[in-house]
Amino acid sequence: MPQAIFIKDLVKEFSKRRAVDGISMEVNEGDVFGLIGPNGAGKTTTLRIIATIIKPTSGQVAVCGKDVVREAAEVRRLISYLPEEAGAYQNLTGLEYLRLMASFYYRSEEEVETAVAEGIRISALGDRLRDKSSTYSKGMKRRLQLARALMVKPRLAILDEPTSGLDVTHAFQLRKLIKEYAGMNRITVLLSSHNMLEVEKMCDRVAFINAGRVVEVGKPGELVSKYGGDTLEEAFMKVVGFA
Amino acid sequence: MPSGLRLLVIKEIKDLLRDPKILVGIIIFPALLLPLMGAAISVSTGSTIEKAYGNLSIYVVDEDNGSISQALLDYFGANNVEVNKISGPPESSLGVLSGGDVLLCIPAGFTSNITGGNWSGVVIYVNFKDFSMVEFIKSGRVDQIINSFRSELVRRLVSEEAPDRDPNALLNPIRQDYKSVIKGEAFRISPAVLQGTVQMQTLMGPIVIMLVLILAMQIAATSIAIEKEAKTLETLLTVPVSRMSILFGKLAGSVTVALLATVANVFAFTYYIGAVLGSAGAGAGDLGQAGLKLAPAPEGYLILGLSIFGALISALAIALTLGTLAQDVRGAQSIIGIVIVPVFLPAIFMMMGDISALPPAMQAVLYLIPFTYPALASQALITGNYGMSLIGLVYMACFTLAMLYIAAKIFSSERIMTARISFRARKAD
């Protein structure tokens, strides 16, 4: 199966702090892959390296065969990144924001408008898209961001804590949306989350990350069985030695 | 223009101009505030002058009652001043005076002393209550009238003593006739009048340039800080658009908004100056012709334009680079608050005097600051001394390229996300 993400011996150091300490993993195309780990485990740093925002100290990272350092411009055409606290331009309307972001990916007006129409559908914000994004609630802002990330049908969607800060209803709707949309359009999704239940329900495969290292990789059900717990959370705690 | 850059420029301008803080604080507020201030000063000054000149009346204790004292009082009357004669010692009448009232005391023997060839004095009491402009203007007006009367009296006395001589020639045997030499040509104009004309131009140039640079730096640093604070930068760095487009988009957006703000500010400032000073009357002597001689040559405008452009780009590159170090808008403003010092320093020195008159070390410091050269170029418009401005253009081109290189390096690296400078005390871990 073709690989959407290939990571080998990835290390990232900030000053004297090692945030990522030799991560290696592979994500197949079309998979929904979850990174699970506590705060400071290196999840966001790994996602930022894959998204070409920061560069690795050492190691190799490729997206659909393209190196994220040497071929960063090509990688950016394949990916869409949703940061944990992503915001929109406060003085643009939701619609203007979607159109602006779509225009970076497509040349023709027709393609842009098709993507925007998709964004309008995904966001489900209706007429509120004509208002400035500064007037949106947190849930609306997150839906706008998710619509922005998915409307361009990237080969790889990188979603950092996609339901962060949302209430149960909104989080449920977003999870459903991501899963369905990715399946329908064969988009590979790499997401990070603290929420084990979320990852267990959404992901085809997961990686446990602790202290900058991948400590286990597998299908959620298999990991739960392997470590003899009832939930992925229990499996994770056993793997990292807290249970 | 590449499509990514075009999109970013449009986005920047739209986002900046829709920001109430920028639209109101930098464009609309100064554009309205300065004319309002000018109108307020103009109205207030007008009414003050009207009040001071309108109904002036003075109190007079005339202990002389002679022909010259009477002529003086008649002279006051002829100048629309109401004369109220009172008697008794002047000190006993001070209680009746209101704010700005003047009591003129003409001593006994005033007329006989003058006609006898001696001097004689008058005492002027001015009563101050509010120390307002009206009170000062009133006393000044009385002084003017007495001076004017004295001149006429002196002429009359001289005419009586030497009827066959011109009293003006006797009183002013030496007349100064100034010729100001500009670019090798002499004009009948006094240096004082010339100074007033030239100073306005030499002052306005550095002020306007300083204003543009500071505004542009604030806008640029704030725009990158807003991207960080609103968490839009992280997303922008992952879309298929080059980092150089992001940098130049911010430069172009900031320049456009800064220029709009400058146009608004310059119009407002011009109106303010006009309202405060009133329209300048026709210049004395050959001011018009001298003005033509002082008119800048086209190459002067070209050098000034290039200097301002270079300074603007380097200022923006510095601001954007420093803006990446700030974690939020407040941090960006703090950083810019520090770096605008070298921007207004040259302008202040230019306004106060001549750089060449400064100690060599100070001159060297000013010549190292690239923002000195647009101010020099604006002065060179009048003086025609383009030498230093041309050297400055080469220096600024190098400085600007260096600044752009640093900004480009930061924008194309992860430092745009990871660089930090904080003005807050570090929290204990």
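1. Two residues are said to be in contact if their C-beta atoms, placed from the backbone, lie within 7 Å. The structure discussed here is a predicted model. By this criterion, 25 residues of chain A are in contact with 20 residues of chain B.

2. Several elements of chain A build the side that touches chain B. Helix 2 (72-78), strand 6 (79-82) and helix 3 (94-105) of chain A each contribute at least two residues to that side. Helix 3 of chain A gives the most, with five residues.

3. Chain B is divided by the domain assignment into domain 1 (3-42 + 197-418) and domain 2 (55-171). The C-alpha centres of domain 1 and domain 2 of chain B are 56 Å apart.

4. A:Leu129 is located in the loop between helix 4 (109-123) and helix 5 (138-151) of chain A. Is A:Leu129 buried or exposed? A:Leu129 counts as buried because it has 22 C-beta neighbours inside 10 Å, and the cut-off for a buried residue is 20 or more.

5. Leaving aside residues up to four places away in sequence, A:Leu129 touches A:Thr93, A:Gly94, A:Leu95, A:Ile120 and A:Ser123. A:Glu110 is 19 residues from A:Leu129 along the chain, and the C-alpha atoms of these two residues are separated by 20 Å.

How values were computed:
Residues numbered from 1 in each chain as written. Chains lettered and ligands numbered in written order. Predicted model: local features only at pLDDT ≥ 70, side-chain atom pairs only at ≥ 80, totals over all residues. Helix = DSSP H or I, 4+ residues; strand = E, 2+ residues; numbered from the N terminus. Domains from an automatic or database assignment. Buried ≥ 20, exposed ≤ 12 C-beta atoms within 10 Å, placed from the backbone.
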